[in-house]
Amino acid sequence: MVYGYWGKVLRVNLSTGAIATEDLDEIFLRRYIGGWGFIAYALLKELAPGIDPLGPQNKLIFTTGPVTGQAIAGGGRNMVGAKSPLTGGFAGSEVGGFFCAELKRAGWDTLILEGAAEKPVYLWVKDGQVELRDASHLWGLETADAQERIRGGLGDNLIRVAQIGPAGERQVRIANVIHDVNRAAGRGGLGAVMGSKKLKAIAVRGSQKPPAANPEAIGELARWFRDNYKATGSGVFATLGTMRMVRNNQNAGGLPTRNFQEGVFDEYEKISAEAQTNAYTVGRDTCFGCPVRCKWIVEVNDSDYPVDRKYGGPEYETTGSFGSCCGVDDLRIINRAGQLCNANGLDSIGAGVTIAFAMECFEKGLLTLADTGGLDLRFGNGPAMLTMLERIARREGLGDLLAEGSRRAAARIGGGSLAWTVQVKGQEVAMHDPRVKYGHGLGVAVSPTGADHMHSVHDSGYQTAGGIEELEPLGILEPLPFDDLSTAKVRMVRYAMIWRVLNNMSGICMFHAWTPQQKTEIINACTGWDSSIMELWLAAERVYDMARAFNAREGFGPQDDLLPPRFLEPLPRGPVAGRGFTGEQFIAARNKLYELMGWDPHTAAPSRAKLEDLGVAWVADLLEEAKR
Ligand code: SF4
């Protein structure tokens, strides 16, 4: 008997309407674990190289891990993946909430959606009963309205929904997949893939408890977390949520400001977690089974900028993207922008950083009032930012161009504006400036998903003996300063980054400060395996390399593992003013990482020997076939 999984894949062909069930065996499960592992496997095996990400050949995958849906804190996550229409490479985006556990409770580990429907449909999954239903009445609706109509139509208010908003319907390349109306599988433009398939939503209701090998051990770990999390790294998220990072990053000199031109925002107090809590916070929310409750719910009763609590509240990333990064210091407007993203299904990082890029173009004269449709798109103009956000969702005017993401927009705007885009592989950088986190920058540059803050290390946590404790079981024993790019730092990046990828495979929230031993115990308690930290770390490295191999087959190389030029300009003021790394220093560190990872210095792909060592020689075969 397999525990921690059902061993079931639900495959739905949207072109033909065919619905099929496939089985997964235990060796497969143990080798690839789940999440990113299943996504990378399916993309490599099932996609021909070079397919159009917005064509019917692309596959959209919703997948869980062995911990998803188990009665333990942080086990409320699933992963969504496809070939990205934003980067052209591997996309894997993680999301919390309640949809994830419901999908597992319905008896499925993974959904693979292929083909494309002729007219809008939604997928209704009630345990083993699976049905494609007409969604013409839902197409065009904002997410909360669509969820209400689905629940009303099916007569069950406990149905969980993952869906696209109007942005995904219009195949905006920075569109996301919204879960539960207020959680986003945000990165990679996965909402556009869903829109290209005319799949408005997936509605799920399940009644089965996911199988666990050792429920007593899971219960014991869950109780330990409940009683102790406040004293671990998770505790900080329970006090001020993720918005606490506004102040932290300001103090470090790396709060992205005016399109990353600066790292300090003079008005940061006005957009801080404390200001939000005092003025607009009306409650806290959580994900399945989690006592941390890091989600701040906001409400704004202002006729100009109404914000409804059902859409949750902005995380740090949303606050930074629409706040300091666009030079906006009005929380009402930032909260409104967060709601517009959730209602329309837009990635708040992608949208905020793309608008910040457009603001820089406007201030420097490459965009004019004629281009913006009369909007004075200067930094700090909050109302203009909101209007542009709505235009992106509807692909109107300049919004149609910005809907393509900043890199594609710069190619059309010209005038050297590409140098002002803050993106890697076409995906906009999150609110973490590599100039105050050198190792993070390295991780962001090589990530197979493009700029990605989720699995790239955050150096700030590893500068002290206390901080480094988490990495000691991986053999990283010495703290290093944020501005170190030595071989020792590169080694730290390698081990920590790969370990973080295990979250994206197992379905564990990254904010849960489980030690490596505890994470291993959790996975063993769910599955019944006797896995070691070493086995799980290698599984994560296998999967990370498979994602890199997918990109290599699509033509990615060292030229794509670069940071944007902005990060080679020293920060002009603040605590780290004038400091920074040169392009040469960065390339030397990146090449060292290639060496330690066993990646070919010319192609940046994992070598055959490395893939054989990881037990996936078939991936090396695929790479060689693609060259013939
Ligand atoms: S820490 Fe926050 S994001 Fe993570 S599971 Fe708990 S509530 Fe969700």
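The points below take the basis of the values, then the salt bridges, then the pocket.

1. The model is predicted, so local features need pLDDT of at least 70 and side-chain atom pairs count only at pLDDT 80 or more, while totals for chains, interfaces and linings use all residues. Residues are numbered from 1 along each chain as its sequence is written, and side-chain values use heavy atoms, with hydrogens and water left out.

2. The structure holds 48 salt bridges (a side-chain nitrogen of Lys or Arg within 4 Å of a carboxyl oxygen of Asp or Glu). One of them pairs aspartate 180 with arginine 160, the closest N and O atoms being 3.9 Å apart. Aspartate 180 lies in the loop between strands S10 and S11 and arginine 160 in strand S9, so the pair ties together parts 20 residues apart in sequence (strands are DSSP E runs of at least two residues, helices H or I runs of at least four, numbered from the N terminus).

3. Glutamate 360 forms a salt bridge with lysine 364 at 2.6 Å between the closest N and O atoms. Glutamate 360 also meets arginine 566 in a salt bridge, at 2.6 Å, N to O. Here glutamate 360 is in helix H13 and arginine 566 in the loop between H22 and H23, 206 residues apart. Both glutamate 360 and arginine 566 are buried (under 20% relative accessible area; exposed is over 50%, partly exposed in between, with a 1.4 Å probe and protein chains only).

4. The lining of the second largest pocket divides into seven nonpolar, three polar and five charged residues (nonpolar: Ala, Val, Leu, Ile, Met, Phe, Trp, Tyr, Cys and Pro; charged: Asp, Glu, Lys and Arg; polar: the others, Gly among them).
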